[in-house]
Amino acid sequence: MRSYGNPAVMSTKGTALTLLVLSGLIAIGNALRCNCTNCESSGYECETDGACMASTSNIAGVEQHVRICIARDKLMPPGQPFYCLSAEGYLNTHCCYSDYCNSVDLKVPKVSRLPAIESALSSWGPVELVAVIAGPIILVCLLLIVGVLVFQHHQRTYNHRQRLDVEDPSCDHLYLAKDKTLQDLIFDLSTSGSGSGLPLFVQRTVARTIVLQEIIGKGRFGEVWRGKWRGGDVAVKIFSSREERSWFREAEIYQTIMLRHENILGFIAADNKDNGTWTQLWLVSDYHEHGSLFDYLNCYSVTIEGMIKLALSAASGLAHLHMEILGTQGKPGIAHRDLKSKNILVKKNGTCAIADLGLAVRHESSTDTIDIAPNQRVGTKRYMAPEVLDETINMKHFDSFKCADIYALGLVYWEIARRGSAGGVHEDYQLPYYDLVPPDPSIEEMRKVVCDQRLRPTVPNWWQSYEALRVMGKIMRECWYSNGAARLTALRIKKTLSQLSVLEDVKM
Ligand SMILES: *[C@@H]1O[C@H](CO)[C@@H](O)[C@H](O)[C@H]1NC(C)=O
């Protein structure tokens with residue numbers, strides 16, 4: 001009835017398109033062997049640099065299975081990989097990227113006619129027949145119109161993103177002219193107004209010309225390296241292949257339109273390199289030599305001015321993340337869900353950049369839903385809000401996740417403020433709840449302290465004698481309420497700290 005190249009099918013699949021833009025990232029690697037139903041000469045097999053495809057259609061009641069190879073250039077540009085789209089009900093298409101992975105028998109939804117309908121059909125007059133035939137057609141037309149409208153809406157939202165994602169080698173050299181540094185690239189990017197990152201092919205090219213220098217960190221996902229690209233430093237987060245989901249999620253979040261902000265880690269590129277035996281998943285970002293806020297506070301105490309700079313910039317970053325901006329140049333609201341001093345970086349100028357968006361969730365305000373099913377207790381136990389620890393958090397409500405972020409921000413502020421020296425006095429670095437729970441506490445241990453005993457980190461009395469520390473202490477307490485909804489918002493904190501920075505004459 002309809003072929004899979006039909007644009008009408010594609011238009012109803014606006015979301016599939018966006019997904020495929022990213023899945024284009026996965027579809028690279030060495031020659032792939034696939035089953036092939038029309039290759040008698042080569043033993044019903046074929047080889048490709050693209051994807052294997054299995055498709056099933058129901059032609060005049062007979063199930064037809066087709067298995068073929070799809071060349072990489074047929075998958076690209078990622079803007080139009082319609083070979084892989086599935087139009088449920090008419091035919092079923094499945095693309096995959098491992099050897100013989102299309103050796104599957106897809107099922108066609110059965111169109112079984114009941115005997116009662118059979119006999120009714122034969123006894124119907126022409127009017128009934130016309131009604132029965134025209135009815136569904138009108139319905140399909142209506143659905144198509146709705147589909148086109150939805151697609152146009154999507155087009156508007158992702159307009160800029162798609163324009164840049166089209167893989168056009170002719171502008172490769174335009175972007176990557178020999179003398180261009182990363183700063184130039186990022187500058188081009190911010191002036192092009194795309195707001196969603198470098199085009200994917202540029203990302204890949206940049207990633208593949210980075211020379212790794214030294215390992216600078218390890219985490220649950222893999223390793224972080226310092227690398228060099230055209231003389232400049234970059235940070236490369238290398239995920240182990242079983243963390244593919246985290247890599248994909250973080251890359252996906254970073255490609256969010258208009259996420260770029262001076263207090264959010266600057267994302268440069270995502271890439272997956274296949275070295276034959278396994279896939280290396282890379283995320284490339286700005287490099288900050290001070291490392292994480294955790295490392296920084298461990299090494300240095302901070303002045304009152306330094307403390308305000310760190311706190312205000314962290315609040316600005318979080319406020320930007322949380323904020324929904326409407327319009328084509330807008331962004332969805334994003335909740336971080338794993339905020340802690342180890343996930344915040346300190347820039348050269350003494351301000352913060354929020355990093356590690358692998359657990360973040362986005363808010364779809366039009367439908368008031370969250371873009372992925374949020375699993376209940378993720379993140380770092382020590383920083384989990386009371387409602388996360390005792391599982392009373394309302395996960396249908398996006399704002400609950402923002403409130404949980406604020407609680408964690410309050411703990412980070414406590415870590416910063418302890419290192420703030422006033423009158424020559426400051427305290428040693430400690431993690432929040434260091435005096436109440438063992439290192440690497442369990443959820444149960446945290447819950448006892450935070451929910452049952454309702455304890456919070458100690459705010460020393462002497463802070464009251466210094467305006468900046470007094471304000472910080474007050475903000476912390478208002479971040480730590482057991483009732484999430486009672487907590488301050490990131491924007492409120494940002495405003496309070498801005499006023500404080502004016503009062504204390506801090507130059508940002
Ligand atoms: C696909 O190819 C493999 C390897 O040649 C073969 O073992 C398998 O039976 C094939 N599957 C189908 C459904 O033809």
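Helices (H or I, at least four residues) and strands (E, at least two) are taken here as DSSP runs numbered from the N terminus, and on that basis the protein chain holds 16 helices and 15 strands. The model is a predicted one, in which local features need pLDDT of at least 70 and side-chain atom pairs count only at pLDDT 80 or more, while totals for chains, interfaces and linings use all residues. Residues are numbered from 1 along each chain as its sequence is written, and side-chain values use heavy atoms, with hydrogens and water left out.

Next, select Phe221, Val224, Lys342, Leu345 and Asp356, which among the 34 lining residues are the closest to the centre of the second largest pocket. A pocket is an open set of points on a 1 Å grid over the protein atoms alone, where a 1.4 Å probe fits, with protein on both sides within 12 Å along at least five of seven lines, and lining residues have an atom within 4 Å of a point.

Then colour the elements around this pocket: strand S6 (211–218), strand S8 (232–239), helix H9 (244–254), strand S10 (279–286) and helix H10 (293–299) each supply at least two lining residues, and S10 gives the most, with 4 residues.

Finally, colour by domain, with bounds from an automatic or database domain assignment: domain 3 (166–287) and domain 4 (290–508) each contribute at least three residues to the lining of the second largest pocket.
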